[in-house]
Amino acid sequence: MLHIKTFTFNPFQENTYLVYDDQGEAVLIDPGCHTGQERAELEGFITSQNLKLHHLLNTHCHIDHVLGNAWAKKRFGIPLLIHKNELPVLKSVEVYAPNYGFSGYESSEADDFLEEGQVFTIGLESMKIIFVPGHAPGHLVFYHEQSGQCIAGDTLFRGSIGRTDLPGGNHTLLLAKIKSELFSLPDETIIYPGHGPETTIGYEKIYNPFVGERAIQ
Ligand SMILES: [Zn+2]
C-alpha cells in the first residue's frame with residue numbers, strides 16, 4: 001500500500017508530500033518547508049512514523065517547491081532527483097529568492113535526473129514518471145497506478161491549472177499535455193496538487209474551466 005502525507009508550507013501555501021510504503025521506505029517530494037517550525041513539523045512526522053527517507057524529488061523547481069531542498073539533503077542525507085530541463089529553473093532561484101523575501105535561501109544541486117516513462121521504486125511500491133511540461137519546462141508527475149494516486153505538482157489543480165507566464169512556461173503545451181498525459185488516466189485517479197485541495201481526473205475532465213468539457217474554448 002502507498003501512503004501519502006500532505007503538509008502545506010511557506011507563504012505560497014505549497015503542498016509538500018511524503019510518500020511511503022507499508023515498511024516506511026519513503027521519498028520526500030517538493031519540500032517547501034522554510035521556517036524552523038515547518039521543518040520541525042516535517043521531521044517530527046518522519047521520526048514518529050519511523051520513515052526511512054531514500055530520495056528527494058522535485059516535480060519542478062520553482063521557489064515554493066524547493067525552499068527546503070538544501071536542508072532536506074543535508075538533514076536526511078538524500079540525493080535530489082529532477083528532470084534535467086529544470087536545471088536552469090533551480091539555478092535561477094538563487095537569483096530571485098531575495099526579491100520574494102527569502103534572503104536566507106540556500107541553493108541545492110541535483111544529484112541525478114529522472115526521465116519520462118521511467119518507473120521509480122519506493123520500497124515495495126513503484127511510481128511511473130510522467131512528463132507534463134508547460135508550467136515549467138521539466139515538470140514531472142508521479143503516478144501510482146495500483147492505488148490510482150498521482151502527485152501532480154503545478155500542472156492540474158482543483159478547478160484550475162498551473163500558471164504559464166513564468167520563464168519556460170507554455171500555455172498551449174500545458175493544455176495539450178494535461179489532456180494527453182493526465183486525462184488518459186482513469187477517472188477515479190486522485191490528484192494531489194502543488195497547491196490547494198485534492199481532486200480527481202474525472203472531476204477536472206468535466207468541470208475544469210481550462211481543460212474540462214465545460215471549458216470556454
Ligand atoms: Zn510552480
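Arg-163 has a relative accessible area of 45% and is partly exposed; buried stands for under 20% relative accessible area, exposed for over 50%, and partly exposed for values in between (1.4 Å probe, protein chains only). The model is predicted, so local features need pLDDT of at least 70 and side-chain atom pairs count only at pLDDT 80 or more, while totals for chains, interfaces and linings use all residues. Residues are numbered from 1 along each chain as its sequence is written, and side-chain values use heavy atoms, with hydrogens and water left out.

Arg-163 forms a salt bridge with Asp-165, with an N to O distance of 2.7 Å; the term denotes a side-chain nitrogen of Lys or Arg within 4 Å of a carboxyl oxygen of Asp or Glu. Asp-165 is exposed, with 57% relative accessibility. Seven salt bridges are found in a search of the whole structure. One of them pairs Glu-43 with Arg-75, whose closest N and O atoms are 2.5 Å apart. Because Glu-43 belongs to helix 1 (residues 36-48) and Arg-75 to helix 3 (residues 69-76), this pair ties together parts 32 residues apart in sequence. Helices (H or I, at least four residues) and strands (E, at least two) are DSSP runs, numbered from the N terminus. Arg-75 is partly exposed, at 44% relative accessible area.

Helix 3 also holds Lys-73, which meets Asp-111 in a salt bridge of 2.9 Å, N to O. This pair links distant parts of the chain, 38 residues apart, as Asp-111 sits in the loop between helix 4 (87-96) and strand 6 (112-113). Lys-73 is buried, with a relative accessible area of 19%, whereas Asp-111 is partly exposed at 45%.

A zinc ion has as its protein donors His-60 (NE2), His-62 (ND1), His-135 (NE2) and Asp-154 (OD), at 2.1 to 2.4 Å. Donors are N, O and S atoms within 2.8 Å of the metal (3.2 Å for Na, K and Ca); water is not among the atoms, so sites may look incomplete. Along the chain the spacing of the zinc donors is H-x1-H-x72-H-x18-D. His-62 is in the loop between strand 4 (52-57) and helix 2 (63-66), and Asp-154 in the loop between strand 10 (149-153) and strand 11 (156-157), so this pair ties together parts 92 residues apart in sequence. His-62 is buried, at 8% relative accessibility, and Asp-154 is buried at 3%.

An open sheet is formed by six strands in the order 7-8-9-10-13-14, with mixed pairing; two strands pair if DSSP finds at least two bridges between them. Strand 7 (119-122) and strand 14 (199-200) are the edge strands, each pairing on one side only. Strand 14 runs antiparallel to strand 13 (residues 190-193), and two bridges join them. Thr-199 in strand 14 is the bridge partner of Ile-191.

Helix 5 (residues 171-182) has 12 residues and spans 16 Å from first to last C-alpha, close to the 16 Å expected at 1.5 Å a residue; the expected span is 1.5 Å times one less than the number of residues. Its buried residues are Leu-174, Leu-175, Lys-177, Ile-178 and Leu-182. These buried residues of helix 5 pack against strand 8 (125-131), strand 9 (140-144), strand 11, strand 12 (160-161) and helix 6 (201-207), contact being heavy atoms within 4.5 Å.
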